[in-house]
Amino acid sequence: MNMRANARVVAVLGPTNTGKTHYAIERMLAHRTGVIGLPLRLLAREVYDRIKALRGPDCVALVTGEERIVPDRTQYWVCTVEAMPLEIGADFVAIDEIQLCADPDRGHVFTDRLLHARGLHETLFMGSDTMRSAIAALVPGVQFNRRERMSKLSYTGSKKLSRMPARSAIVGFSVENVYAIAELIRRQKGGCAVVMGALSPRTRNAQVELYQNGDVDYLVATDAIGMGLNLDIKHVAFSATRKFDGRRMRTLNPDELAQIAGRAGRYQNDGSFGVTGEASPLADEVIEAIENHQFLPVRKLQWRNARLEFGSAKRLLDSLELHTNNDWLTRARDADDVVALKSLLALPEVLDRLRDPRDLRLLWDVCRIPDFRGISPMEHAGLLGRVFDFLHGAGRIDTDWLARNIQRIDRTEGDIDALSKRLAYIRTWTYIAQRKAWVDDEKHWREATRAVEDRLSDALHARLTQRFVDRRTSVLLRRLKQKESLVADVNDKGEVTVEGELIGRLEGFRFKQDKTASPDEAKTLRQASIAALVPLFHLRADTFYNAPDTEFDFTEQGGLMWGNSAVGKLVRSDEALRPQVEAFVDDEAGPDVADKVRRRLQHFIDRKIAALFEPLLNMSRDETLSGLARGVAFQLVEAMGVIPRAQIANDIKALDQDARGMLRKHGVRFGQFTIFLPLLLKPAPTRLRLVLRSLHEGLDEFPESPPPGLVTIPHVTEVPGAHYTMAGYHPAGARAIRIDMLERLADLLRACDSRSGFEATPDMLSITGTTLEQFADLMQGLGYAAERGERDKAKPVADPAPDTAADETAEAPADAAADPAAPEADAPTPPEADTVEVFYTFTWAPRPRRDAARGPRKAEGDARSPRKGAKGGKPKGEGRKGDGRKPERDKRPARSEAKPQRIDPDNPFAAALAGFKAKD
C-alpha cells in the first residue's frame, strides 16, 4: 500500500489494559473499509465475533491461515498478521501487538507490516511503549498516543496453589506443565479451564466460557493469554519464569512477564501477579518494572527481505538471506518456511521440476505451509514435497489422497493428547484447503476440514472438561459464590444430589460424600456441600423426632438404628437399666439438630426398657416388699431378671413362704437351677438384657442373642458362663439348655430314681429337643452318669386279623425274641441291626467325699442335689462302677431302697406330687 500524503499514521502505545484494541475497532468502524491484523488466530476470532455482533455477518470477513469467511459485501477484514490482504486498498489498517517485531520467529512479518502496511486514510500500530523509538525511527510522520493503564497492577509474592484466590490464571510454558497444574487445581479447587495457543478457536472459546460464566474460578494457560485475550482475571500466577523458545531454555524478559501479568485487573478493577509452585520469587527490579510499566526499549527489529527473486533457486535463497544496513533492523533467523525450502531444494527430484519462476514460486508457496504438527523438519519437508508433486504435475492435490488423510484424522475417540495431535494435523489440511486453486471443489473441502476440526474441537473440550473440571464441585461453588440458597435432595436410597449432581449419601445424620473423589477433591466437595445440607439436616431432624418407635431399633452391639441408618449408640451410665445415648450427627448440622436427635433416641430406649422389663421395674417399685424379699428383688433387678440360684442360695433358703408368695406375684419363679422371671426370657427382653448388661460391664464385644425358639444351643467353652446366663441358658455338656426348659426337665427328674437308675422318657427328649445321644451328654453336664447299653428292640404287638393265619407270630410275647435263653429253633437267624436299640441308664454321680466318717449324704433322689456347673462328658466313677456292679433293674423293686423325697415347695407341680405320694 502506498501511503497517501494526507494519510494519518498513529502509534497507540501503552501497557496492557489500556483499551488499545477496543480503540482500534472503534476507529476501523468509523471508516468505510478497514483491515486489522492480530497476532493470534484466537484473538482474530474474538475480534471478528465482536464486529459481527456490531455490524452483522454480511460486512465482516475473517481470514486466517486455516479459516476464511469472506462475504460478498465485505467491508471489514479481521485477519492474522500473516494473512492480511495488503492489496485491497482499505481506508483503515491496524496492526496489534506491534512489539512482536522483535520476536525471533514471527518478528519479520510484523516488521514488514510496520514498514509497508498502510491505510488510505488512517493507520494504527498498537502495542508496548518499548516500540516508541523504533517506530519513530522507521515510520516518518507517525503520531504517538500514549495510553495509561486503567487499573493498578501489584505484586503479591508467592502463593501455593491451594491458597490461590478465585478468578486466577496460572501460567505455564509447556503442555505438560499446564496439564499437571490443571490436574492439581481440579483436585483442590473443583476444576479449571485450559487455554493454549495450539487450541482451535472452538475449543478455546468453549474453555473460556467455562471460566467466564463461573463454572470454574481458575484458568491454566500458556503465555497465549498475554496476547490480548480479555478475560475476567484478578490474579496471574507464574508457575515458571523460564521457557523453551524453540531453540533453548531462557528466562523471560520483564516486558514479556508484564505482557502476561497485565491480563490481571481488567478495566477499572485492580489486579495482582505473583509466582507459584517451583517458580522463584521475582527480583525487586523486575517487580518495579512491571508495576511501573518501565522497560528497556526495543533496539532491534527482526527483518527479512520481502522482495523475493524467483529467477532461480539460488537467487531465491539469496534474496531470503539478504542482510540490511538499517541499524534498527536485523536479519531474522531462518524460519520454518526457509528451512523447508532448503530441504526440498536439496532433493534432485524437486530440482528437476523447477523449470521456470512459476515453478519456484509454487514451491515457495508450498513451503509456507506451517508445521502445525510439530514433527521433525525432514518429515514435514516430505509432506510438502508430496503436495508439490501433486500441484506441479496435475495442478491439483489428488482428491483420493486428500480424502484418505482427512479420514484418518476424523476420529473423536482417544485421550487429550491424541485429540490434540489430530487437531494439529487437521490444521495442515485446513490450511491447504484454504489455498486458492489447490484442490478441486474448494468449498467442499473447506467445509469438510472445518467440520472435522469442529468435531475434534468439541471432543477435546469434552476431554479437557472431563479431566480438569469436577462438575459437581464447580456447580456447588458457583452457587455458593452467587449466594444462592442450595437445597439438597435425598432419594429413598439416601443418595444426596444438588443441582442434579450426586455429592454423596446421607446415612442418618452423617454425610458420606462420594468416594470417587480424591482427598483434595473430597475436602473441597465437603466444604461446598455443607451449605446445601444444613436445611436438609433440620428437615430430617423434624421427621426423625416425630417418627414412631416402630421405626427405631437397637443392634446387639449397642447401636441405635433409624430404619437402615445408624443414628447413635448406647453409652454406659451408673445404672444398667438407665443407659445414655450418643447421637451420630455431623458437626455441621448444628447443636440444635444434634440435641433433637439425642432426645428422641433417649425417649426410644427409655420406653423400650420400660416395656420389655415392665415386670422387673414394677417389682423394683413395689413398696410392700420388705426385708429379705426386698433384698432378693433388688438382686434380681441388678441381674435383669435372671440369676443363678447358687449365687443367692442362702437368701433363698431364708425366705419364708409369705416372702416367696410376694415375689411370685411379680412373676418370679424359684427354679432348681435359676431364679428368674419367665417373661424376661422371651427373645426381645433377652436381646435387650444382653446389650444392657454388656454395656454396663464395659465389654469390648457384646455376646449375640441366640436365635429365638431354640431349646438348646452349642456350648462354647471359651465363652464365659455368665454370658449364657444373660442369654437365658444353662451350660450342660456340649450344649446349653434354656433356663425355663431346664426347670421343666428338673420337674420330670424329681420323679425318677436317680440311685437305682432310670432311662430317658419321650417327655424328657421332647422338652429338651435333643436326640438320645445329645440328651445323655446334657445329663452328664448336669451331674449324672450315663451308661450306654444295647438290647433287642421290642416288636410291636399287632392287632389280631381274623382272616389271616400268619398273625400267630405277632401274638408271641414281645420279649420272647430278646430272651437269650430261648431255644435256637425259635430264633434260627441272628437279629438284624435294626432290631437292636440303644439306651442309657442315668444315675446321680455324687461328689467324692472328703471324710467317709461323716455319714450318709442327702438322698440322691433330692432334686436339688445335682452339682451345678459340672463339666460335660462322663464323670469319673459314674454309674455304680464303684462297687463293680451294674444296676439290675429287673431283679429289685424300683424304689425299694430310695429314701422318701422331700417335695420342693418351689416346684409348680408340688401339689400334684404330694397327691401322688399320699396315694402311695
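Predicted model: local features only at pLDDT ≥ 70, side-chain atom pairs only at ≥ 80, totals over all residues.
The chain comprises 920 residues, of which 49% count as buried, and its secondary structure consists of 29 helices and 34 strands.

Helices α14 and α16 form a pair whose axes come within 10 Å and cross at roughly 10 degrees. Angles under 35 degrees count as roughly parallel, and α14 and α16 are therefore roughly parallel to each other. On the α14 side the contacts are made by Thr399, Leu402, Ala403, Ile406 and Ile409, which meet Trp445, Thr449, Val452 and Leu456 of α16.

In total, 51 salt bridges were counted in the model. One of them joins the side chains of aspartate 129 and arginine 146, with an N to O distance of 3.2 Å. Because aspartate 129 is placed in the loop between β7 (122-127) and α4 (132-138), whereas arginine 146 belongs to strand β8 (residues 143-146), this pair ties together parts that are 17 residues apart in sequence. Aspartate 129 counts as partly exposed, at 29% relative accessibility, and arginine 146, with a relative accessible area of 33%, is likewise partly exposed.

A salt bridge is also found between arginine 396 and aspartate 440, whose closest N and O atoms are 3.4 Å apart. This pair links distant parts of the chain, 44 residues apart, since arginine 396 lies in the loop between α13 (377-393) and α14 (399-409) and aspartate 440 in the loop between α15 (416-434) and α16 (442-468). Arginine 396 has a relative accessible area of 33% and is partly exposed, while aspartate 440 counts as partly exposed at 40% relative accessibility.

Aspartate 553 and arginine 687 form a further salt bridge, in which the closest N and O atoms are 3.4 Å apart. Here the linked parts of the chain are 134 residues apart, with aspartate 553 in strand β23 (residues 552-554) and arginine 687 in helix α24 (residues 683-697). Aspartate 553 counts as partly exposed at 32% relative accessibility, and arginine 687 is partly exposed with a relative accessible area of 23%. Beyond these individual pairs, salt bridges that share partners join Arg41, Arg45, Asp49, Glu66, Glu67, Arg202, Arg427, Arg450, Glu453, Asp454 and Asp458 into one network.

Terms used:
Residues numbered from 1 in each chain as written. Heavy atoms only, no water. Salt bridge = Lys/Arg side-chain N within 4 Å of Asp/Glu carboxyl O. Helix = DSSP H or I, 4+ residues; strand = E, 2+ residues; numbered from the N terminus. Buried < 20%, exposed > 50% of the residue type's maximum accessible area, 1.4 Å probe, protein only. Axes fitted to C-alpha atoms, helices over the stretch in contact; angles between N-to-C directions. Parallel < 35°, antiparallel > 145°, perpendicular 65-115°, else oblique. Contact = heavy atoms within 4.5 Å.
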